Amino acid sequence: MTGHTNTEQTILEAAEALFMEKGYKLATTTAIAAKAGVTHAMLHYYFRTKEQIFLKILDKNMNEMFSMLQTAMSPDLSFREILTEVVNLHYEFLSRHRKLPALFLEIAENNPDMLLRYKSRLQETLDTEVARHRARFGNAAAAGDMNSMDPFQMVFMIVSMNLSTYISLPVLKNLFGMDDARLEAFLDERRREIIRTLDARLFGKE
């Protein structure tokens with residue numbers, strides 16, 4: 001059983017690296033088998049199709065993202081803490097999976113059915129987490145402690161600003177010529193700027 005598990009995990013790790021590097025369309029099962037150091041026949045023994053491999057990898061990443069969102073939206077945190085936590089945790093998630101946003105865009109455009117399987121869970125997670133804070137947001141706004149803003153809009157602003165940053169990485173590297181050190185410094189400052197922008201929107205004078 002251990003050998004079976006190890007081989008399957010080796011295939012999944014090789015496949016994930018290739019999907020991130022080449023995208024879903026160009027990452028072939030032949031290339032995945034070669035990278036994993038197994039025969040093509042052995043790969044098909046564990047996984048019947050490339051889509052089956054990809055969905056297993058996508059499940060892992062989506063589960064990590066859902067867990068991140070639930071942690072960041074803890075009801076025990078203040079609004080400013082939630083703001084910082086959501087930005088930081090999502091930023092860290094994207095930093096660990098830098099090519100995932102581009103891969104998501106490819107799938108959303110060319111293979112949208114793969115993402116539809118997460119639609120109900122994503123909607124349920126967002127509805128649950130937003131519902132936990134909607135009354136708090138309304139009460140704080142009514143008391144003048146913060147500006148009025150729908151919590152779903154807040155989450156969407158954070159996700160869109162973070163995603164746009166990481167989708168732009170090829171431009172920053174290839175067009176602006178940023179080396180690794182400059183890129184990391186830019187990303188860190190961009191994270192702080194996103195927090196400052198959201199803080200001003202929620203707590204600044206309107």
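Predicted model: local features only at pLDDT ≥ 70, side-chain atom pairs only at ≥ 80, totals over all residues.
Local features require pLDDT of at least 70 and side-chain atom pairs count only at pLDDT 80 or more, whereas totals for chains, interfaces and linings use all residues. Residues are numbered from 1 along each chain as its sequence is written, and side-chain values use heavy atoms, with hydrogens and water left out.

**View A. Tyrosine 24 and phenylalanine 54 form one of six aromatic pairs in the structure.** Rings of Phe, Tyr and Trp (its six-membered ring) pair if their centres lie within 6.5 Å; planes under 30 degrees apart count as stacked, over 60 as edge-to-face and the rest as tilted. Here the centres are 4.9 Å apart and the planes stand at 65°, so the pair is edge-to-face. Because tyrosine 24 lies in the loop between helix H1 (2–22) and helix H2 (29–36) and phenylalanine 54 in helix H4 (residues 50–72), the pair ties together parts that are 30 residues apart in sequence. Helices are DSSP runs (H or I, at least four residues), numbered from the N terminus. Both tyrosine 24 and phenylalanine 54 are buried (under 20% relative accessible area, 1.4 Å probe, protein chains only; exposed is over 50%, partly exposed in between).

**View B. Tyrosine 45 pairs with tyrosine 46.** This edge-to-face pair has 5.1 Å centre to centre and 85° between the planes. Tyrosine 45 is exposed, at 61% relative accessible area, whereas tyrosine 46 is buried, at 17%.

**View C. Lysine 50 lies over the face of tyrosine 24.** Its distance from the ring centre is 4.4 Å. A charge sits over a ring if NZ of Lys or CZ of Arg is within 6 Å of the ring centre and within 35 degrees of the ring normal.

**View D. Arginine 80 lies over the face of phenylalanine 203.** The distance from the ring centre is 4.0 Å.

How values were computed:
Helix = DSSP H or I, 4+ residues; strand = E, 2+ residues; numbered from the N terminus.
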